[in-house]
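Dear colleague,

Please find below the sequence and the structure that I am handing over to you. My findings follow after them, and I would ask you to read the text with the structure open.

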Amino acid sequence: MRRIIAASSCLTAALSVLLAACASVHPKKQAAAPDDAAASTVVAEIALERGDCTAASESYAAAAQHGAVSLARRASEVALGCEHLPAAWQAATRWRELAPGDQEAAAMYATVALKLYKIPEARGAISDFLKAGATPGAPSLPGLVALLLAQADASAVLAAVSGAVESTTLTSSDAAVLADLALEANDAQRAERYTQQALSLDSRELTARRVLARVYVVRDDRQKALDTARDTMREDPAHAAFELAEVLIAMDRLEEAHQELERLRTQKVSDVDIDRRLALLAFEAGDMKEAQQRFTELASEGEANDATMLFLADIAARDGDTEAALAGYRRLADSSVAVSARARAASLLLARRDRKEALTLLDDYATDHPESELQLTLTKARLLAANGEPDTGLAMLDAALARHPAHPSIQYDRAVILEQAGRVHESVQALERLLQDRPDDPVLLNALGYTLADHGLELSRADGLVRRALVATPDSPAVLDSLGWVRFRQGDARDAVTTLERAYQLGRDAEIAAHWGEALWASGQHQEARKVWAAALAREPDSAPLKATIARFVPNGH
């Protein structure tokens, strides 16, 4: 099943930072809460102290229906922090009713609406947020977009924001932010429109220029991409020194990117910044020996950050040195990349049947960081399913739904694991139920279309579902992969090859390479299929779908 999961961890702190200025801009009148609101508030606080997030969220949401603005705000923050979305929606709706011109209330309402894929509601709140932003010192569009992206898929954010803004009032930086958002949402055509608008207002707008170069990459107009990158470097050498190298990397011209990075040593560019990019480039190319050497040199020179150490642990894992990898991950267990490090360590531990230590590693962090509880629960369920325990993972998700009722991320992961467990009919039913509430969600449309196609079910309908997803995200490598796979399952291998090649150019994902290679093989292009698989395997040697596909067609590696 195609897996595109939006971030689910709560970022109420980011909301507070973004909206800190609003307290002085929109002072609120406090009102005495009725007795029932006061009683519910006490119950909610006691529940929070006990660690009962569900009871706290529901009690606060109930209290907010009879309380003042401050209580509705508190209820919204608690429920969102607890990822109790029904309670968060109830509280945020109340807050907005009490304070219709308040940017804080509008931002919270839009955030929860997008997590629930209520696009029209989010669009209205964003429009109100921007109208209220006319006050000097109030938060602006870029800050709101960043906040929303932390909570929802880029395509959903784009659908809501683009429908709320008035193009005639956009500044160059606002238009550039929307261009970047459209690119992230895999809509190059819309991204180009916003870049042109930004550049018409300010021809030197750096973000817009960068986005435009990447739009040309997506369109496979390589010369324009390179020309735009070089022009950007000439106009802003201080801030765009790496632009050409990054565009070359985006086009998968890695050797030329390497040469460009080495050339920059003759310019006034930091050697450390160059070395970090060269290390990442080697890792991207699958050259683990060079990547390890470069990351190690950065560490020995005192230039290692948490990300550098995580890459070194990842390289050890790829090389099969499990003990070195685990030692590296454990050193990062309380760092800025703690969740990633612990999850990867847990994966290695589960692979060698050290189940207790693997789960303890994740549970301990959740105990100390309750805001990460949902994210870690999803991680545990996925890891267990990947290591032969799908039923345990499903039970974990069912328990999580009791704590986080009707949470889309949990429901989606449950559908994914049902399919992995071979319970395809149940998986399809689960996705169907989700689509009833979110009929235009491209993630769900693509997931259901791909699942049907992958199991040879209702191929005509699968094609329609995937094409609907493609309307929202026309340049999505995942959705294009699904479209190609539908065509392949329909028996049109030659046509599938073209679509799958396009998908791989945009995403370079190992599973897409597996599909592309299989379509090539079925078309009689065996040598080309081998080349595709070999290149993808060098990048992602641990990809189970890719290795399984290769084994079916080249069982002895010949």
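Glu 458 counts as partly exposed, because its relative accessibility is 46% and the partly exposed class lies between under 20% for buried and over 50% for exposed. Please bear in mind that this is a predicted model. Glu 458 sits in the loop between H27 and helix H28 (459-472). Its phi is near 40 degrees, which is a positive value in a residue other than glycine.

Arg 353 belongs to the loop between H21 and helix H22 (355-368). Is Arg 353 buried or exposed? Its relative accessibility is 65%, so Arg 353 counts as exposed.

**The largest pocket**

The largest pocket has a volume of about 2100 Å³. Its lining is made up of 48 residues, and those nearest its centre are Ala 386, Asp 542, Ser 543, Ala 544 and Pro 545. Several helices give two or more residues to this lining, among them helix H19 (306-318), helix H20 (322-331), helix H23 (373-386), helix H25 (408-420) and helix H33 (544-553). Which helix gives the most to the lining of the largest pocket? That helix is H21, with seven residues. By residue class, the lining of the largest pocket holds 22 nonpolar, twelve polar and 14 charged residues.

**The second largest pocket**

The volume of the second largest pocket is about 500 Å³. A total of 22 residues line it, and Ala 250, Gln 505, Leu 506, Gly 507 and Arg 508 lie nearest its centre. At least two lining residues come from each of helix H11 (172-184), helix H13 (206-218), helix H15 (243-250), helix H17 (271-285) and helix H30 (493-507). In the lining of the second largest pocket, eight residues are nonpolar, three are polar and eleven are charged.

**The cavities**

The model contains three cavities of 30 Å³ or more. H13 and H30 each supply at least two residues of the cavity lining, and H30 gives the most, with three. The lining of the second largest cavity divides into five nonpolar residues, one polar residue and four charged residues.

**A pair of crossing helices**

Finally, please look at helix H32 (residues 526-539) and H33, whose axes come within 11 Å and cross at roughly 145 degrees. The crossing of H32 past H33 is left-handed. On the side of H32, the contact is made by Trp 533, Ala 536 and Leu 537. On the side of H33, the contact involves Leu 546, Lys 547, Thr 549, Ile 550 and Phe 553. Of the residues in this contact, six are nonpolar, one is polar and one is charged. H33 also takes part in the lining of the largest pocket, giving two or more residues to it.

Yours sincerely

Terms used:
Residues numbered from 1 in each chain as written. Predicted model: local features only at pLDDT ≥ 70, side-chain atom pairs only at ≥ 80, totals over all residues. Heavy atoms only, no water. 1 Å grid on protein atoms, 1.4 Å probe; cavity = no way out; pocket = protein on both sides within 12 Å on 5 of 7 lines; lining within 4 Å. Points joined across faces, edges and corners; volume = space filled by probe spheres on them. Helix = DSSP H or I, 4+ residues; strand = E, 2+ residues; numbered from the N terminus. Nonpolar A, V, L, I, M, F, W, Y, C, P; charged D, E, K, R; others polar. Axes fitted to C-alpha atoms, helices over the stretch in contact; angles between N-to-C directions. Left-handed = near helix turned anticlockwise from the far one by under 90°. Contact = heavy atoms within 4.5 Å. Buried < 20%, exposed > 50% of the residue type's maximum accessible area, 1.4 Å probe, protein only.
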